[in-house]
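Subject: Structure handover

Hello,

Please find the structure below, followed by notes on what was found in it.

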Amino acid sequence: MRVAGKGLVDLSAPIGFRFDGRDYVGAEGDTLASALLANGVRVVGRSFKYHRPRGVLTAGSEEPNAMVEMVEGDQQTPNVRATVQELYQGLVARSQNRWPSARFDVMAVNDFASPLLGAGFYYKTFMWPRRFWEGLYEPVIRRAAGLGSLSGKHDEGEYEKAYAFCDLLVVGGGPAGLMAALVAAKAGADVILADEGARIGGRLLTDGETVDGLSGPDWVAQALAAMPNVRVMTRTSVTGAYDDGTYGALERVGLHLAPRDHLPRECFWRIVAKQAVMATGALERPIAFPDNDRPGVMLASGVQAYLNRYGVATGRRVTLFANNEAARAVARDLMAAGVQVAAIIDSREGASVAEDCPVYAGARVVGTRGRLGLKEITVAHKGDEITIETDCLAVSGGWNPTLHLACHHNGRPVWDDGIAAFVPKPGMVPGLTAAGAAAGVFGLAACLESGKAVGKAAVEALGLKTKPVKVPAATDRAYGIEPLWHVPGKGGLWAREWLDFANDVTVKDVKLSAQEGFVSVEHMKRYTTQGMAPDQGKNSNVAALAVLADATGRSIPETGTTTFRPPYTPVSIAAMGAGGRGMGFAPQRFLTSHQASVERHAPMIEAGLWYRPSYFPKPGETTWQQACEREVRMVRTHVGVCDVSTLGKIDLQGKDAGRFLDFVYANTFSTLQPGRVRYGLMLREDGMVLDDGTTACLAPNHYLMTTTTAAAGLVMRHLDFVKQAFCADWDVRFISVTEQWAQFAVAGPLARTLLNSVLDQPLDMARFPFMGCGSVQVQGVQARLFRISFSGEEGYEIAVPARYGEALFRDLLARAETMGGGPYGMEALNVLRIEKGFLTHAEMHGRVTAFDLGLQKMIAAKDCIGKGASLRPGLSGPEREQLVGLRPVQDQAITAGAHLFTPGDTVERVNDQGYVTSVGQSPTLGGWLALAFLKNGRARHGENVRLVDHLRGIDCLCQVSGPVFHDPEGGKLRA
Amino acid sequence: MPNLIAKSALFGQAPLTLGGVTLAEAPLGEMFSVAGQGKALDKALGKLGLVMPAPNSCAVGTGGVIVWTGRDQAFLLGDGSTLAEVAAVTDQSDGWAHLTLEGDFVAVLARLVPVDLRGFGVGQALRVGLGHMQAVIFCTAAARADLLVFRSMARTAWDEIAHAMQHLAARRVVGL
C-alpha cells in the first residue's frame, strides 16, 4: 500500500495496467513491481522447479522471482523483470510458469515431491531406457520446469544498434559515479554516464540520506545540472567489457512506453572509451534460512527502495532480519514513515538493542509460515523459539560489490575479510577502475570521496588537467557486518533453505554436490544449476560458495568464484542483431535491368549478393524447365540477351600491367595486343585453380580483367595481396569497375544483326573477330564491345555506363523479340554452358588443378603464382579425377553430387571413381548432360560408368565423353 | 548526344526529411578514380586547384572535389580525363551511388558506421563500413555528409539510413 508523503512517484498521474487478467492502477514513476506491491499483489509467479509461490524480492535488475511475460499485441516477451519494467498506460503482463494461475498452480505438486527432486535427480533417475530421454523424459521435464514462454511468432519489434565513443565511460550514476563524472566533466573530458535505472542517482534515490544538506534526489539534480557536457544515458545497462576499451550496453529505449511506430524497443550500444569508471554499486544478499522464499520475504534494500522511492509499504507489520548494522536504517525509515516494525532480528550477539521496536540480538529466523504470503516467522533467541506475526520480512545478509564488469577479462576478484565480500583488484580490465561500493567502499561519504579520487585518476590518465571539485558533505553509516550465510532448519524431508531463488537451488543441493564429489565451485554450479538462471547468481553466488566452503572444509577465498561472463544483465538477441532481420542480413545488389526483369515476371536467384533473373516465363509456361528450354533454343536458333554485369571487372593500368597479369595468370598476357581478348586461368598459391575469366587489352598498358561473379571480391583481394606482398614496386594500378558498366551478352546466330540494329555504325568485322574487342557507339553513347561467348554461339558482350543500362537492356530486348529472340536467364545460361563444356565454380570448386580441368597446357613457361605448387607430385596424372562429359546410356534425370563407380564394382567409398558437378537437360542435344570429375577420365572417353546418387535414389549407367558436347570444333563461335 | 535515357541508381527517389536530417540522392555527375603519385600528377592536379589528398581527407578545388579513397588513390568528383596522362584514371561516375545527409548526420551515421565521428567535419573523408557494405564518406560543407556506396547496393543503403533516421525521429518524439 502507498505511504502518504513518501516516494518520487506522481500519484496525481494514475496509470492503468493489467496483470494476470486483472486491472490495476499505479502511478507515474512506478515499476511494475512497485505498482503490484502498492496494489497488495504478493504472488507474482511460480518458481522454476518446485512451482513455489513467489513474490518480489528486490527492487533492482538482479530480481530472481518477479519475472513476467510482457504482452504487446503479437509481441510477447518472457522473463521481464517486474522490478525493471516501468509502468505505462495500458501495460499488459502476466505471471509465468504456472497453470492455471499464479495463486493456484497445478504443478505445485512438484513441491510436495521435492524430497525426490534434489539437484541431479533427473540425471540419475531418468537413465533407462536410454532412448526415452530425448523422446519422453526431457520434453516432459522441460514443460514442468521453466520460466516464460515465447509467442512462437517472428519478433516484428524495432531494434537498434549504435556506436558511441568517449574519453570516459562512467558505469553507474550513484554517488561515486556522479562524482567521477563531475570531476571528468569539469576537466573537459568527453564523458558518457550510463545507468541502468530510469533516473540517475542509484541508492541516493532510495536510501533517504542527505548530501550537502539536500535530499538525495535534489543533490542528484544539482550535480547533473553542473555537468551539461556529459552525455547521460539512462535505462542503459553496460553489459560487458570487451577488448581495447570497448563496452557493450543495452538501452531500453521504448520498453517503458506503450509501443509506438518506429521507436526501437532496445538499442545495443558499442561504446569505446579511453578510460572507464565502474561505479556499479553493490548488491544486497539474502540469508538462507528455512522457507526463506515466501512472498513477503524481501531484501531490506528492496523494502527501503519501495518505501523511499515508490512510496510503497511492502507490509503492514514488517520485521527486519540482518547480520549488519547498516540495515537498521531500513527499520528506522519504516517507523519514521509510520509503518509498524514488529521486530529487528539481529544475528550479531553484541548488537545494540536501542531501537523504537523490539530487538532480538543474537537471534535467527528459523521458520516461516504462509503459503501465498508470509504470515509469521519463528525466531530462535537465547534457546527459546518466539513466533512473530509479520507479513513482510526484510532480510540483509550484507552486500556484494557489483564487480562483474571487472571480471569480464577473466580476472578473479579477491576476498576482503573486513566486509566479508569479494572485491575487484586493480587492473583486471585495462583502463577500468572501480569506485565506491563496487570497489568495496561502503558508506555515502566514502563513496563520494572514492568517486572523486577515481575520476581524478581517470582524468590524469587521459592527459587532462583536473580542476578542483569539492566533495559534498555526507555521513557514513557504520556497516558492522558479522557474516551469516545459512541458518539450518530442524531437518525433515521438506525443510529447505533457498540460495538461488531463480533456479530453486537450496543449501541441501549444494551440500549434496559436495557429498557427490563435485567440490570445485564450477562443478557445484553445473551440478546444482546455481547461478545459471536469468539473474546469473547475483543473489546467490557468494552465499552458495560459502555453503560449499563450509561443506568442504575450505575458506571462501580458497573455494573461489565461478567465471563472470558478459552480459551482466540479459540482452535480447534481437537487440544484438538489430537491422539483420530478413533482408537486413546482407545488402541486396540489383542490376540496372532489375526492374525490366521483374516486370517480365522473372523469378530472381541470388548469386553472391546479386539478384539475377532465373528465367523469363512466357504465357502458358507452367514450369521453369519449359521456359529454360525455350530460352536455350532461342539462343541456339535466333538471339538471346542476358545481363552479365555481375561479372567482376577490374581495370589495370601501368607499364608493368602486362607483367603483373603474367604473374597472376597461369597463361601469358603481356603479348596480348590492344583490341584483343584472351581467356585466362588464375591459380592460388597452392597450385589449385582460383578463378577463370577473360582479360581484354583496351590500349597499351591498359587492361580489363573479368572474373566470375562469385569470385569478384576474392580475385580483387588476391590481386591486392600479390601487388603489396610480391611486387609493390611495379608500376601497376588496379581498381574495380564492376559497377561502372552495365554489360549484356548478345548471343546467337542473329547476334550481329541485333547489334547492328542498335549501334550507330555497323560492326566492322575486321575489328571484331572472335576474341576481339573495341569501343563502339550505341545511340550516341560510348560503349565497349567484346566478342566473347559463354554459350558456344556467336556471342558479344556490350558494355555501357550503368546509367544507360536499363535503357539499353529494354531496347535490346524489344529488338530481339522482333527477331524471334528475347531475354534469357541463369537457368538457360547454365544449360548453354554445360552443352559447351564451359566452367563455373561448380567445377572450379577449390580442389581442382589446371590438369584436372584439362587446361595444364595453359600454364606457360614463365613464372606465375601457383606454378611451382601445381607441379607437386599428386596434382597431375592418371590418379587425378579429370573433367569429362557424361550422358545417361538410357536418358533419365541425373544429378549433381552423384558419385561414379566402375560397372561391376561394389558401390562403396573405396571404389569411388569421381563425382558429378553440373547437370542440365539439353534441348539442343536432347537428353541429360553432365560435367563430372572421373579418375583418369580423359583416357576413359567412350567407356560406361555407373552413376549413383544415394540421396535421391538414382542409379544408372552413363557414357563418358569429352566435356564439350556442342560444336566441339568451335565453328559457331568464330562465324 | 546520347539517345539512351540515363538513370541514377535511385532514379525518382524523393528526398527524405526526418528529425531535421535530410537524406537525398545527389544528381548524376562525373567521378574519376585517380591513382598514382609524382610531380607530374601534382602539377596536373594543381591546375585544377587540387592536391592528392592525405589519408582520411578531402578538398574542394576549381576542378571539383577530391576525396581520398585508398593508398595513392583518390576520387575526383569532376572531369578527371585530363589526368589520364599522369595517373591511372578510370571513370567511376556510374559505379557509385552518391547520397547526401544534411543536418545532424552524426547521430544517423552512428547507427551504421563503427568509427568515431566526433569532430568529423569539413575536409575529412572516411573509407568505412556502412552496415554490411563499404562506403566512402566525406564532408565538404558544415552539417552535410556525402556518401558513396556501390551503385547496386544503393537501395539497401537508402533503406538502412532511412530506418536509422526513423528511429531517431521516433526517439525525438518521446524526448530521448
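Is A:Lys382 buried or exposed? A:Lys382 is exposed, with 9 other C-beta atoms within 10 Å. Here a residue is buried if 20 or more other C-beta atoms lie within 10 Å of its own, exposed if 12 or fewer, and partly exposed in between, with C-beta atoms placed from the backbone.

Some conventions before the rest. This is a predicted model, in which local features need pLDDT of at least 70 and side-chain atom pairs count only at pLDDT 80 or more, while totals for chains, interfaces and linings use all residues. Residues are numbered from 1 along each chain as its sequence is written, and chains are lettered from A and ligands numbered from 1 in the order in which they are written.

Backbone

A:Lys382 is not a glycine, although its phi is positive, at about 50°. A:Lys382 lies in the loop between β22 (376–381) and β23 (384–389) of chain A. Helices (H or I, at least four residues) and strands (E, at least two) are DSSP runs, numbered from the N terminus. A:Asn410, also not a glycine, has a positive phi of about 75°; this residue sits in the loop between β25 (399–401) and β26 (414–416) of chain A. A:Asn410 counts as exposed, with 10 C-beta neighbours inside 10 Å.

There is a cis peptide bond between A:Trp99 and A:Pro100, with omega about 5°. A:Pro100 belongs to the loop between β7 (91–94) and α2 (109–112) of chain A. Another cis peptide bond joins A:Pro566 and A:Pro567, with omega about 0°, and A:Pro567 is in the loop between α13 (556–559) and α14 (573–576) of chain A.

Helix packing and core

The axes of α5 (residues 175–186) and α9 (residues 444–461) of chain A come within 7 Å and cross at roughly 35°. Axes are lines fitted to C-alpha atoms, for helices over the stretch in contact, and angles run from 0 to 180 degrees between N-to-C directions. The residues of this helix contact divide into 15 nonpolar, 4 polar and 2 charged. In that count Ala, Val, Leu, Ile, Met, Phe, Trp, Tyr, Cys and Pro are nonpolar, Asp, Glu, Lys and Arg charged, and the others, Gly among them, polar.

The largest nonpolar core has 338 residues, and those with the most contacts inside it are A:Ala180 and A:Val746. Such a core is a set of buried Ala, Val, Leu, Ile, Met, Phe, Trp, Tyr and Cys residues joined through C-beta atoms within 7 Å. α5(A) gives the most to this core, with 9 residues. Beyond four places in sequence, the contacts of A:Ala180 include A:Val170, A:Val277, A:Gly451 and A:Val454; two residues are in contact if their C-beta atoms, placed from the backbone, lie within 7 Å.

A:Val365, in strand β21 (residues 364–369) of chain A, counts as buried, with 25 C-beta neighbours inside 10 Å. Among the residues that A:Val365 touches, leaving out those up to four places away in sequence, are A:Phe289, A:Phe321 and A:Leu393.

Chain contact

The contact between the chains takes 39 residues from chain A and 42 residues from chain B. On the side of chain A that touches chain B, β8(A) gives the most, with 6 residues. The residues of that side divide into 19 nonpolar, 8 polar and 12 charged.

Regards
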